[in-house]
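Subject: Structure for you to look at

Hello,

Here is the structure I promised to hand over. Please open it first, then read my notes alongside it.

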Amino acid sequence: RTLLAELAGLARAGQRRIDGGIAQAAKAGGADVATVASLYGSAKALTGQFLGRLDQDVLRSDQITIAPTRYFDEATIAIDAQFKLYDEAIGRIDGLLAARVARLQAQMITVIGAVVAVTLLLFVVAIVMARDFIRRIGRATRAAERIAQGDLRSAGGSAALAAGEDEAGRLLAAIGEMAAGLNRIVVGIRN
C-alpha cells in the first residue's frame, strides 16, 4: 500500500506539472495546443478516475474490494491514455521543431545567398576598377615611351586627357606636364 500511495502521489504531481505546461502552451496559442489539450483532458479524466478508485478501494479501505482484473484494466486504460497523449504531444512538438528548423534553414540560405551576391558584386566592381587602372597605367606607359622616342606633342596630350584624382590619374597628369615642359624647352631651344 505504501508503494501504491507513493506511485499515486507521483502521478498526481505529474498531472500538476502537465496542467502547468498545458496552461503555458495555451497562452502561446495554436491549433496544436487545442489537440494536445483535448487529449490531455481525456487522459486526465481516465487517470483521475483510476486514482480515485485506487484511493477509495485500495489505499483507504481496510479490505481490498476491487477485483484485480478490473484494477489492472482501469490502470491499463489510464496508462494507454497517457501514452497516447505523450505520442501526440511528441509528434506535435517534432512538427513544430521541424517547421522552425525549416524556417531557420531558409533564413540561412537567404543570408548565404545575400553574402554570395554581395561578394560577386564586389568582385565585379574590383575587376572593373582593376581594368580601368591597368588601362590608365597602359596609357601612361605608352606616353612615356613616346616621350622617350622624342614625340613630345602627342605624348603630353594623350597623358593629359586621361588624368584623374587617383594615383594613375596623377601619374598621367605628371607625364603630361613633363611632356609639355619638355616641349616648351625644345621649342625655346629651336627659337
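Which pattern does the protein follow when read along the sequence? The pattern is α-α-α-α-α. The count of secondary structure is five helices and zero strands. Please keep in mind that this is a predicted model.

**The whole protein**

The protein has 191 residues, and 24% of them count as buried. Its accessible surface comes to about 13200 Å². Carbon and sulfur atoms hold 64% of that surface. Now take the contacts between residues at least 6 apart in sequence. Of these, 63% join residues at least 24 apart.

**Helix H3**

Start with helix H3, which covers residues 68-148. H3 has 81 residues, and at 1.5 Å a residue they should span 120 Å. The end C-alpha atoms of H3 are 116 Å apart, so the two values agree.

Several residues of H3 are buried, among them Tyr71, Ala75, Ala78, Leu85, Arg136 and Ile147. Glycine 150 follows H3 and has a positive phi, near 95 degrees.

**Glutamate 74**

What does glutamate 74 touch, leaving aside its neighbours within four places in sequence? It is in contact with Phe50 and Arg53.

**The largest pocket**

How much space lies in the largest pocket? About 520 Å³. The pocket is lined by 25 residues, and the closest to its centre are Ala11, Thr47, Ala78, Ile79 and Gln82. Ala78 is also one of the buried residues of H3.

Which helices supply at least two residues each to this lining? They are helix H1 (2-28), helix H2 (31-59) and H3. By class, the lining has 19 nonpolar, five polar and one charged residues.

**Helix H5**

Last, helix H5, residues 167-190. The same check works here. H5 has 24 residues, which should span 34 Å at 1.5 Å a residue. Its end C-alpha atoms are 34 Å apart, so this agrees.

The buried residues of H5 include Ala168, Leu172, Ile175 and Ala179. Gly169, Gly176, Gly181 and Asn183 are buried too. An α-helix has 3.6 residues a turn, so residues three or four places apart point the same way.

Best wishes

Key: Residues numbered from 1 in each chain as written. Predicted model: local features only at pLDDT ≥ 70, side-chain atom pairs only at ≥ 80, totals over all residues. Heavy atoms only, no water. Helix = DSSP H or I, 4+ residues; strand = E, 2+ residues; numbered from the N terminus. Expected span 1.5 Å × (residues − 1). Buried < 20%, exposed > 50% of the residue type's maximum accessible area, 1.4 Å probe, protein only. Contact = heavy atoms within 4.5 Å. Areas by Shrake-Rupley, 256 points an atom, 1.4 Å probe, with all protein chains shown as cover. 1 Å grid on protein atoms, 1.4 Å probe; cavity = no way out; pocket = protein on both sides within 12 Å on 5 of 7 lines; lining within 4 Å. Points joined across faces, edges and corners; volume = space filled by probe spheres on them. Nonpolar A, V, L, I, M, F, W, Y, C, P; charged D, E, K, R; others polar.
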